[in-house]
Amino acid sequence: MNTKVVSLALFGTGEGYAEYVSTFALAHANLFPKFEGWRLYLAVIDEKLTTSTKKIIGRLASEGLLEFEVHPPAALCKTMLLRMHPVFQPDTDFVFCRDLDAIPMPRDRACCDAFISAAESKKVVVST
């Protein structure tokens with residue numbers, strides 16, 4: 001079974017997008033189930049980890065709803081690119097980068113499945 005990752009990054013100023021993490025994780029779990037090889041990855045910039053954000057992300061991780069890594073502050077463009085981290089992991093077959101404020105929808109899942117199917121039939125270029 002392929003390992004497929006939906007990857008996010010929590011960066012920028014203020015609490016902002018942190019409020020979307022739990023909603024995104026729950027929607028993701030419904031559309032991209034773990035038993036089908038899907039994982040949710042969240043790159044978090046250290047300065048975004050307020051007490052409430054730590055609790056939310058910690059609880060979601062303990063429930064198996066997401067995996068996360070904390071990174072030091074960096075330039076904005078560099079922090080946005082942290083969602084690419086799973087691309088470089090040897091146990092990952094496909095990575096789909098998303099924004100936290102774009103809730104997972106059935107149409108997203110259909111597009112991901114279509115891409116995976118095309119890649120497996122060699123109809124698209126996939127780096128190995």
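Glutamate 67 is partly exposed, with a relative accessible area of 34%. Please keep in mind that this is a predicted model.

How many salt bridges are there by this rule? The count comes to six.

Another of them joins the side chains of aspartate 99 and arginine 83, at 2.8 Å from N to O. Aspartate 99 sits in the loop between strand 4 and helix 4, and arginine 83 in the loop between helix 3 and strand 4, so the pair ties together parts that are 16 residues apart in sequence. Is arginine 83 buried or exposed? Arginine 83 is buried, because its relative accessible area is 11% and the cut-off for buried is under 20%.

Next, glutamate 63, which is in the loop between helix 2 and strand 3. Its side chain meets that of arginine 59 in a salt bridge of 3.3 Å, N to O. Glutamate 63 counts as partly exposed at 49% relative accessibility, while arginine 59 is exposed at 54%. There is also a network of salt bridges that links Glu36, Arg109 and Asp113.

Now the inside. The largest nonpolar core has 22 residues, and Leu10, Val21, Leu42, Ile57 and Leu66 have the most contacts inside it. Elements giving two or more residues to this core include strand 1, helix 1, helix 2 and helix 4. Which strand gives the most? Strand 2 does, with four residues. Isoleucine 57 touches, among others, Leu10, Val21, Leu42 and Phe68, leaving out residues up to four places away in sequence. A second, separate core has seven residues, including Val5, Phe11, Ile45 and Leu82.

On to strand 4. Strands 1 and 4 run parallel and are joined by four bridges. Valine 6 stands opposite phenylalanine 96 of strand 4. The covered face of strand 4 carries Phe94 and Phe96, and the uncovered one Val95 and Cys97.

Last, the surface. Leu81, Met84, Val87 and Phe88 form a nonpolar patch there, with about 410 Å² of accessible area together. Phenylalanine 88 is in the loop between helix 3 and strand 4. Why does phenylalanine 88 count as exposed? Because its relative accessibility is 67%, and exposed means over 50%.

How values were computed
Residues are numbered from 1 along each chain as its sequence is written. This is a predicted model: local features need pLDDT of at least 70, side-chain atom pairs count only at pLDDT 80 or more; totals for chains, interfaces and linings use all residues. Side-chain values use heavy atoms; hydrogens and water are left out. A nonpolar core is a set of buried Ala, Val, Leu, Ile, Met, Phe, Trp, Tyr and Cys residues joined through side-chain atoms within 4.5 Å. Buried means under 20% relative accessible area, exposed over 50%, partly exposed in between (1.4 Å probe, protein chains only). Contact means heavy atoms within 4.5 Å. Patches are made of residues with over 30% relative accessible area and no salt bridge: like charges are joined within 9 Å, nonpolar side chains (Val, Leu, Ile, Met, Phe, Trp, Tyr) within 5 Å. Accessible areas come from the Shrake-Rupley method with a 1.4 Å probe; for residues, only the protein chains shown count as cover. A salt bridge is a side-chain nitrogen of Lys or Arg within 4 Å of a carboxyl oxygen of Asp or Glu. Two strands pair if DSSP finds at least two bridges between them.
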